[in-house]
Amino acid sequence: TRPVRSKLLALGAIGLWSSLASLGVALNHVPPFLLTGLSLLIGGLIALPLSGFRVSRWRVPLPTLALGVYGLFGYHFLLFLALRDAPPVQANLVNYLWPLLMVVLAPAFLPGIRLRAVHVGAALLGFAGAATVIASAADASSLSATTSFWAYLPALGSAFIWASYSLLTRRVKAFPTAAIGGFALLSGLLSLACHAMLEPAVILTVRDWLLLALMGLGPMGAAFFLWDRALKTGDARHIGILSYLTPLISTAILVLVSGKPITWSIAVAAVMIVTAAWLGTRSN
């Protein structure tokens with residue numbers, strides 16, 4: 001059925017995004033705007049076969065194109081500012097308010113959507129689970145670090161941008177999913193411009209390019225196309241709650257790759273997030 005298909009598409013995007021942290025660790029020596037720019041340019045190429053290799057099918061009205069750049073470029077720009085100025089653990093936690101914002105803001109952005117107590121409760125439970133799993137992956141020094149309130153504003157801004165972008169794609173005139181390629185390419189070029197102005201030049205190895213290709217084709221490419229299809233056909237409240245699986249799966253992958261044991265806090269977080277997803281997606 002259509003709701004099941006939309007959830008499977010969302011889970012596909014979530015699964016790909018969950019690999020982003022592991023790939024990011026392997027490429028942590030690459031400046032972030034360069035990493036984002038190259039990844040988005042590679043990811044945008046996925047739109048070529050989707051559009052029958054006709055770039056003309058990527059054309060969308062200017063407001064829609066602006067929305068796409070607002071989402072893909074604006075989100076990453078503010079997130080990187082937050083990660084630069086605030087402790088990464090806390091900044092990442094604030095950033096993961098976006099699924100909660102997506103659930104809570106759905107009635108304001110989408111006509112005909114009503115918010116029930118079970119949706120809010122499931123979103124809060126999911127956020128608590130995300131907070132637990134992110135905190136469990138951090139060391140004590142990073143958790144105890146204190147930073148000015150203003151340093152967290154970009155993280156909050158990035159959360160709002162991704163939540164609002166995800167909801168607003170349902171408000172603009174319908175556009176083909178292949179148009180995401182244009183969003184990604186323009187956002188990638190803007191990211192590379194930021195790299196040229198703000199970051200030092202680096203030389204990439206063959207291994208770097210292979211990992212960049214994986215990142216671009218997966219979490220920074222195909223995931224955006226799957227996410228767009230899921231939002232076009234599914235319930236934004238359900239998809240927002242499911243999104244809390246991202247930090248859980250991401251942390252689990254990092255634990256497996258590093259060979260560390262699964263801690264009790266990750267197990268508790270898993271129960272909280274899975275329960276939240278079950279409660280939230282069973283409610284209309």
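Where do Lys-232 and Asp-228 lie? Both are in helix α12 (residues 206-233), four residues apart, about one turn of the helix. Helices here are DSSP runs of H or I with at least four residues, numbered from the N terminus. The model is predicted: local features need pLDDT of at least 70, side-chain atom pairs count only at pLDDT 80 or more, and totals for chains, interfaces and linings use all residues. Residues are numbered from 1 along each chain as its sequence is written, and side-chain values use heavy atoms, leaving out hydrogens and water.

**View 1. Lys-232 forms a salt bridge with Asp-228.** Their closest N and O atoms are 2.6 Å apart. A salt bridge is a side-chain nitrogen of Lys or Arg within 4 Å of a carboxyl oxygen of Asp or Glu. The structure holds one. Side chains of opposite charge can pair when their charged atoms come close.

**View 2. Asp-228 is buried, whereas Lys-232 is partly exposed.** Relative accessible area is 2% for Asp-228 and 22% for Lys-232. Buried means under 20%, exposed over 50%, and partly exposed in between (1.4 Å probe, protein chains only).

**View 3. Helix α7 (residues 98-109) packs with helix α10 (residues 153-168).** The angle is about 45°, and the axes are 9 Å apart. Axes are lines fitted to C-alpha atoms over the stretch in contact, and angles run from 0 to 180 degrees between N-to-C directions.

**View 4. Residues of α7 and α10 make the contact.** Contact means heavy atoms within 4.5 Å. From α7 come Trp-98, Leu-101, Met-102, Leu-105, Ala-106 and Phe-109. From α10 come residues including Phe-160, Trp-162 and Leu-167.

Technical notes. Helices (H or I, at least four residues) and strands (E, at least two) are DSSP runs, numbered from the N terminus.
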